[in-house]
Amino acid sequence: MDDLEVLRRFGLPPRNEALPTIRRLLAEQIEIYRRGDDGDTELMRALCVMLFAHGDLDDVLLLWQAKRCGFDPASALDIQFLCGAGWEETLAFLQNHGNASAAEARLELLARAEDFEGFTPAEHLRFYREHYYAEVFAPLDDHH
């Protein structure tokens, strides 16, 4: 399954029933990179966009693992993906979580605060909906 196929299959934002599959597919890609194999950063980005669009704080640490699992994902995946529920909400969640990974993610977000000037989850999602529209959603629109 590639990035465009998962977007066509699950939507943006994804349907709630698709979330366990999206999380599983992202965890599989993380494991591929952790083994030192070549994963699919385009697929990872699409999966992250879908979890970002859903905005569940429980996905923040999975998204952080994705960003940190290898060189390519570190540069290909937006730090903003962690903040689908909002900047302040994500910082509070990470502060209250209490594990080392959460603390590391929080420090990175604070260090990159300038990347969040004017940030809203809705605007960031709009960018990706426009990015994927021609390849994923416009062909579907043509059939309706």
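Helices here are DSSP runs (H or I, at least four residues; strands are E, at least two), numbered from the N terminus. This is a predicted model: local features need pLDDT of at least 70, side-chain atom pairs count only at pLDDT 80 or more, and totals for chains, interfaces and linings use all residues. Residues are numbered from 1 along each chain as its sequence is written, and side-chain values use heavy atoms, with hydrogens and water left out.

**Exercise 1. Find which residues of helix 6 are buried, and where they lie around the axis.**

Step 1. Buried means under 20% relative accessible area, exposed over 50%, and partly exposed in between (1.4 Å probe, protein chains only).

Step 2. List the buried residues. Helix 6 covers residues 87-97, and its buried residues are Trp87, Thr90, Leu91, Phe93 and Leu94.

Step 3. Look down the axis. These buried residues fall within an arc of 160°, so they line one face of helix 6. The arc is that of the directions from the helix axis to the C-beta atoms.

Step 4. Recall the helix repeat. An α-helix has 3.6 residues a turn, so residues three or four places apart point the same way.

Step 5. Turn to the other side. There, Glu88, Gln95 and Asn96 are exposed.

Step 6. Find the partners. The buried residues of helix 6 pack against helix 4 (60-68) and helix 7 (100-111). Contact means heavy atoms within 4.5 Å.

**Exercise 2. Decide how far helix 4 is enclosed by the rest of the structure.**

Step 1. Count. Seven of the nine residues of helix 4 are buried, so this helix is largely enclosed by the rest of the structure.

Step 2. Name them. They are Val60, Leu61, Leu62, Leu63, Trp64, Ala66 and Lys67.

Step 3. List the neighbours. The buried residues of helix 4 pack against helix 2 (19-34), helix 3 (41-54), helix 5 (71-76), helix 6 and helix 7.

**Exercise 3. Describe the whole protein chain: its elements, radius of gyration and buried share.**

Step 1. Count the elements. The protein chain has eight helices and zero strands.

Step 2. Check the radius of gyration, taken over C-alpha atoms. With 144 residues, a compact globule would have a value near 15 Å; the protein chain has 15 Å, which agrees. The globule rule is 2.2 Å times the number of residues to the power 0.38.

Step 3. Along its principal axes the C-alpha trace spans about 50 × 35 × 25 Å.

Step 4. Buried residues make up 46% of the 144 residues.
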